[in-house]
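Student: I would like to take a close look at a single part of this model. Please describe how its elements are arranged.

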Amino acid sequence: MMYETVTDIDQLLSRLQAYQPEADLGMVRKAYEFSARAHEGQTRRSGEPYVKHPVAVAGVLTSLKTDVTAIVAGLLHDTLEDTVATADELQKEFGKEVVHLVDGVTKIGKITFRSSEERQAENFRKMVLSMADDIRVVIIKLADRLHNMRTLEHLKESKRYEIAKETLEIYAPLANRIGIGWVKNELEDLCLKHLNPDVYETLRVRVAKRDEDRQQYIQEVRELVEKALAENGLVGAVNGRPKHLYGIYQKMKKQSISFEEVYDLTALRIITDTKMNCYALLGVIHSLWRPLPGRFKDYIAIPKSNLYQSLHTTVVGPKGEHVEFQIRTEEMHRVAEYGIAAHWKYKEQGRVQDKDSKAFGWLRQFIEWQQDLPDNRQFMDSVKLELFHDVVYVFTPKGIVKELPKGATPVDFAYAIHTEVGDHCVGAKVNGKIVPLKHEVSSGDTIEILTSPNQTPHKDWLKFVRTSRAKTKIKHWIKSEEQKRSLEIGRRLLESELRRHGLAPSQVSKSDALLDLAKQEGYATIDELAAAVGFGHVATAQIVGRLLAPMGENRTASHETEPVPKVASGRGTEASVQVRGGRDLLMQLSRCCNPVPGDRILGYITRGRGLTIHSVDCPNLGALDYDRNRLVEVEWDTATPSQHAVNISVIAEDRTGVLANVSSAIAGSDANISRAEITTREDRKAELHFVVEISDTNHLYRVLKAIERVDGVITARRLRSWRGKI
């Protein structure tokens, strides 16, 4: 459906009075006259008077059968932003409620898709909050965008593309989410017209030609249906359904099919009187023609999240052609046409009725995201995912329906139930059978979540969860735990440094001096400072040095390097690493490259785990999207003898005595074998893997040379990492 654009005030009043005879037409005319005066002298890019735009916006609102207050606000929606009119003037003339709506639309602002994502997200946050406060704000904004899209040809090409792209990204999905199907369809078709004009024009012409050719066929199907309804004593109005060009385009693209292969271009809608008759009509249709498997959808029993209800079925009609039917009641059709606008009462100032509010849980979710996701990019990613998803409908063991995006998993379902259920999810049963947590659920599945109080969210879950709610909750938990670990590590490091300088940690932590120092560093509390130390953002030597400075003690490092805590080797003995600049951090050797004395090394401050020591040629270090400020220069303390575990791979001929001789060569080089694994290949070669304890790279070189001298050995080399079966 596409409603005609309203061009003058008399036409607007006539349309309003048609569905609301008792409407205050005087107030609407007064708003028109105020808007005309405020916008006097202003023109649109088309050259017509600017006031034509607010009249057209108000006309769209009459198509949605909104109340007088929304229509008055539609007429005035640009006055605060584009004219000298003030909020006080509007309130004096039209009341507080109208000002509230106009101000809400104005605050949303004009989101520019190609501009900063920060600005786009911030404006969308305002829209979300306005939507929760009064849904009419967003309905007016959609009406505004629809008329702008209808007149987009007057802008330059780059601007047209920008606005159409944004409309397809945000406004069309939003119209779908609040259930206004015809607005969503028209916006998408207009977007296609400006984003891909050649495709749009080709489809428009071909659909029109096909409709013209098929009028006789559609009339034949209609007559057969009407005759069958009369024979069965059923009431139903049978009509053709308008074609959605963007929907056809998407189907062709998604299924990689030609225009001729889009079978359900023949589409009919039947509107009847009761829900029971919807199913009776379905039975009649299926008795006339064979239904296509997998093409029946019951949105009456399981409504969409925007309250849409209808039966959909595709049958093999006369002459073997596919025909799609939608069957619904008058009330269902009203909801499909007007969405949320069909559900709020005029006296309740745009608030959805309680009985329907549960269907708009996604709106509450948006509010939660805008609070939980301070990062604007994450917020917009979450919103777009939620707006665009294809859905599946699944059931709890008690039969409660939950809507999830296609590809969702039991973990998504668990978080949809409750955060605690998601956090402690250990397994799931789908239709009574145990499935992996990454199993993709399907419509109709009954899901039971298994929980344990000892279970906590895992970072790997982020690889397969689909809902923004699940991703947000998992990331929040991980961040919270990371913060706790960093706080604990930071406290230990601070206490260690304080004791090293003869200070009592308990006394210092209670002193005003440490709190003052924390605030000077930009942290509100001592705990925040300690967490920053644990993250590696602040050095303990720097903190303690500044604490001691007022006492007259110069703590500036007098040497280029300063000893720090030892790093445990693979066997539990110790090797000391020195950090240049005196930065004191908890340290550990990286398992990905297993550096040993003699290797060139570099320290990387990890979040919550202190300093990780890598070899400079470690591929993982090179692959890190790291902050260079967190790299620390380190070097081995060769004065402290130590043993390190290295992995050695040997390829040798598969013959008797080779293993014994290789083992003897290692032992003869003063190295100890702590683990070994031997496998035989099909080419009669043996692969020998050893974990050998050495002191440094020179020692390792001697061991490898000794192995290579063994008769039957082909190669011997060091492995950076190896996980054996032992």
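Student: Which residue in strand 23 does V650 stand opposite?

Tutor: In this predicted model, V650 stands opposite L688 of strand 23. The surrounding pairing joins strand 21 (residues 644–653) to strand 23 (residues 685–694), in the antiparallel sense and over 10 bridges. Two helices accompany these strands. Helix 27, which covers residues 658–668, lies across strand 21, strand 22, strand 23 and strand 24, and runs at about 20 degrees to strand 23. Helix 28, formed by residues 697–708, also packs on the sheet. Helix 28 touches strand 21, strand 23 and strand 24, and its direction makes about 160 degrees with that of strand 24.

The sheet itself is open and consists of 4 strands in the order 22-23-21-24, with antiparallel pairing. Its edges are strand 22 (672–680) and strand 24 (713–719), each of which pairs on one side only. On average, and with direction ignored, neighbouring strands of this sheet are turned by 20 degrees against each other.

Helix 23 (residues 512–520) packs with helix 25 (residues 540–548) at an angle of about 125 degrees, their axes lying 11 Å apart. The two helices are therefore oblique to each other, and their crossing is right-handed. Helix 23 contributes A513, L514, L517 and Q520 to the contact, while helix 25 contributes I543, R546 and L547. Classed by residue type, this contact has 5 nonpolar, 1 polar and 1 charged residues.

How values were computed
Residues numbered from 1 in each chain as written. Predicted model: local features only at pLDDT ≥ 70, side-chain atom pairs only at ≥ 80, totals over all residues. Heavy atoms only, no water. Axes fitted to C-alpha atoms, helices over the stretch in contact; angles between N-to-C directions. Parallel < 35°, antiparallel > 145°, perpendicular 65-115°, else oblique. Left-handed = near helix turned anticlockwise from the far one by under 90°. Contact = heavy atoms within 4.5 Å. Nonpolar A, V, L, I, M, F, W, Y, C, P; charged D, E, K, R; others polar. Pairing = 2+ DSSP bridges.
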